[in-house]
Amino acid sequence: MAASPVLPTEDGEGFLGIDDLHFSLQAEQEDTQKKTFTCWINSQLAKHTPPSVVSDLFADIKKGHVLLDLLEVLSGQQLPRDKGSNTFQCRINIEHALTFLKNRSIKLINIHVADIVEGNPSIILGLIWTIILHFHIEKLAQTLSCDYNQPSPEVVSVAASSPTSSPPTKKCSKAQAQARWQWSAKKALLQWAQEQCARSESVNVTDFKSSWRNGMAFLAVIHALRPDLIDMDSMRHRSNKDNLKEAFRIAEHELKIPKLLEPEDVDVVNPDEKSIMTYVAQFLKYSKDAPGPGDSTQAKVRDALVWLTLQEKRFQKMLKDSASETYCNKYHSLLSFMESLNEEKESFIDVLSLKGRMGELNEDESRLRQGWTSLMHQVAAWRAQLDDALPSPLKETEAWLKDIEGVVQEGVPTSQSYSEARTLIQGKLSSFKSLMGSFDYHSDVLMAFQSNAEKSLPAVPPVKLEEMTRRINNVLGKNFIPLLEFHDSKCSVLALLDEAKAKLDVWNGTYESKESVEVLLEDWHKFT
């Protein structure tokens, strides 16, 4: 058997085998992860009520309640826990934490209560990285652009906690499913960092390792977020350590981003990828949580444009994929798309609702408004096509429902003349009553389709039938006929008052002759 290659140590006194170097590198990266993850956890625990703190990650995590505190902050939920700190209660609390993660569809392979109680470093670091990735990095990455389909975090394995990781393969095992999830969040975060650094000359970011070693990438990200804080030209000829130190100082004091790294953690041959990703994600969070005037708002507009482009691609793919599907599948595809769209748009709701006329918006804002309007029109058109494809007579019921909703949405007619307003109201009242004349028929049609759906013979998705039922009930809840009748009576009285006022002006005039008085008297009798 061939001997393992050996390399001289730095002091020249001995030799290290390749295996020794691997374990040394892994130990260094685990030490960096421990420090970084501890600082990140403490930044989260400071938000807990009451706040808590971690001094030694491997020792403190055994207590169980620290893990529960962290998950409560990240999830916004109150988790069950046993009070006390004996070994049994600590184990119970750790079990509560792991159960919570599993209930979030995060499957923990090879992570057991015993591993955490025993303080197993690689297991604990893998667990914390999973939490950071799921609740912090992956959540932030969802707001960014991705030119790929982001896989769902179905499986999370400790295998991914090793200092090195590989891109996913097409055949997806459990470990590879975890790698794909990490890879997509990593890719989105890297793309965002590259976009920020692209604004600074000669700053090229290709990974979360050596690209950050000289500190210029950190400075470029800060400069993109706050150009007023850094003069990039003055930083180019400084040492790696000085650049890193300055970047971490500015981030902590000006952006209020917790300092998770030390210069010596990054200025090494092979910096720890997970630690740098955790730190960089905080800059992304800053850009989302604290957009300032001007530049930061425009950055969010650009993010929204890229997100909108992704939604348009998703919509077109949905149309293509569902072209030969049944009506039920088409409708469910649209429903799924709209649920996802409505959830994701919350991150951009402020820039999607920018006020002002088109001429007052800049180029990116105008593109965003036009793009969003276009997507909404496309969705509405597809929904209309689906409605037209409904089987008869439900198709006619849908058309009737749209007509009656249109009358209600137009509201009560108004006019400067009460007499004219009354004429309009009476016309609308007649139209609405005519439509409501077929109410019983269309209700029976809807009930018939619902009955078939209950017998497992659905020609139309039950959710569509429920939607139509809600819309009918909504129309009935408006009490539109009594509303129109009230306004008709109101306008009748007001029109009479207007006429009486005009008559009084005439009757109070100067009497010129007996004949003119007789005319006024006749007019009075007619009016009264």
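Author: In this predicted model, helices H4 and H6 are oblique to each other.

Reader: Why are H4 and H6 called oblique to each other?

Author: H4 (residues 87-103) and H6 pack at an angle of about 40 degrees, with their axes 13 Å apart. Angles under 35 degrees count as roughly parallel and 65 to 115 as roughly perpendicular; the pair is therefore oblique. The crossing of H4 past H6 is left-handed. Leu98, Phe100 and Leu101 of H4 make the contact with Leu127, Ile131 and Phe135 of H6.

Reader: What makes H3 largely enclosed by the rest of the structure?

Author: Buried means under 20% relative accessible area. Nine of the eleven residues of H3 (residues 65-75) are buried, so the helix is largely enclosed. The buried residues of H3 include Val66, Leu70 and Leu74, and also Asp69, Glu72 and Ser75. Just after H3, Gly76 takes a positive phi of about 75 degrees.

Reader: Which residues have the most contacts inside the largest nonpolar core?

Author: They are Leu57, Ile128, Ile131, Trp192, Trp212, Phe218 and Phe283, in a core of 79 residues. Helix H6 (residues 121-141) gives the most to this core, with 13 residues. At least three residues come from each of domain 1 (25-141) and domain 2 (191-289). Another core, of 48 residues, lies apart from it and has Met318, Val351, Leu401 and Val475 among its members.

Reader: Which residues does Phe218 touch, not counting residues up to four places away in sequence?

Author: With contact meaning heavy atoms within 4.5 Å, Phe218 touches Trp212, Leu244, Ala247, Phe248, Leu261, Val266, Ile276, Tyr279, Val280 and Phe283.

Key. Residues are numbered from 1 along each chain as its sequence is written. This is a predicted model: local features need pLDDT of at least 70, side-chain atom pairs count only at pLDDT 80 or more; totals for chains, interfaces and linings use all residues. Side-chain values use heavy atoms; hydrogens and water are left out. A nonpolar core is a set of buried Ala, Val, Leu, Ile, Met, Phe, Trp, Tyr and Cys residues joined through side-chain atoms within 4.5 Å. Buried means under 20% relative accessible area, exposed over 50%, partly exposed in between (1.4 Å probe, protein chains only). Helices (H or I, at least four residues) and strands (E, at least two) are DSSP runs, numbered from the N terminus. Domain bounds come from an automatic or database domain assignment. Axes are lines fitted to C-alpha atoms, for helices over the stretch in contact, and angles run from 0 to 180 degrees between N-to-C directions. Angles under 35 degrees count as roughly parallel, over 145 as roughly antiparallel, 65 to 115 as roughly perpendicular and the rest as oblique. A crossing is left-handed if the near helix is turned anticlockwise from the far one by less than a right angle, and right-handed if clockwise.
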